[in-house]
Amino acid sequence: RWRVSKAAQRIIALNGAMLLACHWAGCAWLLAGRASVRVYGKDMSWITLDRASVDKGFVEGRHAFLRNYDTSAWNHATCTSSSTKAVCTYLRAGYFALVSISTVGYGDIRPAPENLVETVFCCF
C-alpha cells in the first residue's frame, strides 16, 4: 500500500489547482481572442499575431539572441496544418495563462495593439 505524506498531498493539490486555473484562464484568453476577431477583424487579435510570429519564426525581433543557435529543428511545422492549429492555439493560450498567473510574464504573447477586449481581459 502506498502512503503519501501530507506535504506531498498538498503539493499535488496545489499543482492540480494550478493546472485547473491555467486551463480556465487559457480558455478565457482564447475566448477573448475569438471575440476580438469578431469585434475588430482578423488582424486585431492575439491569435493572428501569435500565429504570424510562429510562422515567421522566433529568430527575428524579440528573440534575436537565438541567432547564435541552430534553430533549424524549430520549424513549428506541426502548428501549421489545419488539424493542429486549434491544439497549438489552446497550448499557447495555456502558456500565456501559466506565465501570467506565475507573474513571470515573458511578453511574447500579449493583447493586440488598440484591442480593448483583450486589454481589459489582461487587466483582470
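Leaving aside residues up to four places away in sequence, Thr89 touches Leu30, Trp46, Ile47 and Arg51. In this predicted model, Thr89 sits within helix 3, which spans residues 85–101. With a relative accessible area of 7%, Thr89 is buried, because the cut-off for a buried residue is under 20%.

Turning to the overall fold, the protein contains four helices and zero strands, and the order along the sequence reads α-α-α-α. Among contacts with a separation of 6 or more, 65% are made by residues 24 or more positions apart.

As for the surface, the accessible area of the protein comes to about 9,000 Å². Carbon and sulfur atoms account for 63% of that area. Of the 124 residues in the protein, 24% are buried. Thr89 belongs to this buried set, and so does Cys22, at 9% relative accessibility.

The cysteines deserve a brief look of their own. A disulfide is a covalent bond between the sulfur atoms of two cysteines. The count for this model comes to zero disulfides. Cys122 is in no disulfide, and the nearest cysteine sulfur, that of Cys123, is 7.2 Å away; a disulfide would require a pair of cysteine sulfur atoms within 2.5 Å. Cys122 is partly exposed, with a relative accessible area of 35%, whereas Cys22 counts as buried.

Methods:
Residues numbered from 1 in each chain as written. Predicted model: local features only at pLDDT ≥ 70, side-chain atom pairs only at ≥ 80, totals over all residues. Heavy atoms only, no water. Helix = DSSP H or I, 4+ residues; strand = E, 2+ residues; numbered from the N terminus. Buried < 20%, exposed > 50% of the residue type's maximum accessible area, 1.4 Å probe, protein only. Contact = heavy atoms within 4.5 Å. Areas by Shrake-Rupley, 256 points an atom, 1.4 Å probe, with all protein chains shown as cover.
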